[in-house]
Amino acid sequence: MASGRGSVLVVDDDAAVREGLLEFLRDEGYEALGAENGRRALDLLEEGEAPRLILLDLMMPVMDGWQFLAERARRAYPTPVVLLSGLSFIRDAPGVADFLCKPVDFAKLRDCLDRFCGRPAPAA
């Protein structure tokens, strides 16, 4: 994954949700990459420089969000994680910087992006 002030990794097994978030992020000027499960996300983190933010679903096949968080902590990846869940509240989520309910409110997502990534540079 390319580094930079505006790079975001979206980890969600629902292709429609993942692609919708990626499209929104790109429209907002962020570099964005998607992964369908936690295992693929870890592979992407190993392949390149860390993104500025990870948007993480919890319920996924292969490696769920909880397993990803545990492995991320073990490997000491510094990237902040924002959980995405259909649940209204998640208690005791280790290493999580914020939480957004699904369906994602794009105004709240913009606030998270501003906080963790800053505004992307305008296109040249």
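Modeller: A network of salt bridges links Glu46, Glu71, Arg74 and Arg75. The model is a predicted one, and it holds eight salt bridges. Now turn to helix α4, residues 106-116. Helix α1, residues 15-27, packs against α4 at an angle of about 60°. Their axes are 12 Å apart. The crossing of α1 and α4 is right-handed.

Which residues in α1 and α4 meet? From α1 come Leu21, Phe24 and Leu25. From α4 come Phe106, Leu109, Arg110 and Leu113. Six residues of this contact are nonpolar, none is polar and one is charged.

Arg110 also forms a salt bridge with Glu28. Their closest N and O atoms are 3.2 Å apart. Glu28 sits in the loop between α1 and β2, while Arg110 is in α4, so the pair links parts of the chain 82 residues apart. Arg110 counts as partly exposed, because its relative accessibility is 33%.

Arg115 in α4 has a partner too: Asp98 in strand β5. Their side chains meet in a salt bridge, at 2.6 Å from N to O. The two residues are 17 apart in the chain. Asp98 is partly exposed, at 21% relative accessibility.

The loop between β5 and α4 holds Lys102. Lys102 forms a salt bridge with Asp57, with the closest N and O atoms 3.1 Å apart. Asp57 lies in strand β3, so this pair ties together parts 45 residues apart in sequence. Asp57 is buried, with a relative accessible area of 7%. Lys102 is partly exposed, at 25%.

How values were computed:
Residues are numbered from 1 along each chain as its sequence is written. This is a predicted model: local features need pLDDT of at least 70, side-chain atom pairs count only at pLDDT 80 or more; totals for chains, interfaces and linings use all residues. Side-chain values use heavy atoms; hydrogens and water are left out. Axes are lines fitted to C-alpha atoms, for helices over the stretch in contact, and angles run from 0 to 180 degrees between N-to-C directions. Helices (H or I, at least four residues) and strands (E, at least two) are DSSP runs, numbered from the N terminus. A crossing is left-handed if the near helix is turned anticlockwise from the far one by less than a right angle, and right-handed if clockwise. Contact means heavy atoms within 4.5 Å. Ala, Val, Leu, Ile, Met, Phe, Trp, Tyr, Cys and Pro count as nonpolar, Asp, Glu, Lys and Arg as charged, and the others, Gly among them, as polar. A salt bridge is a side-chain nitrogen of Lys or Arg within 4 Å of a carboxyl oxygen of Asp or Glu. Buried means under 20% relative accessible area, exposed over 50%, partly exposed in between (1.4 Å probe, protein chains only).
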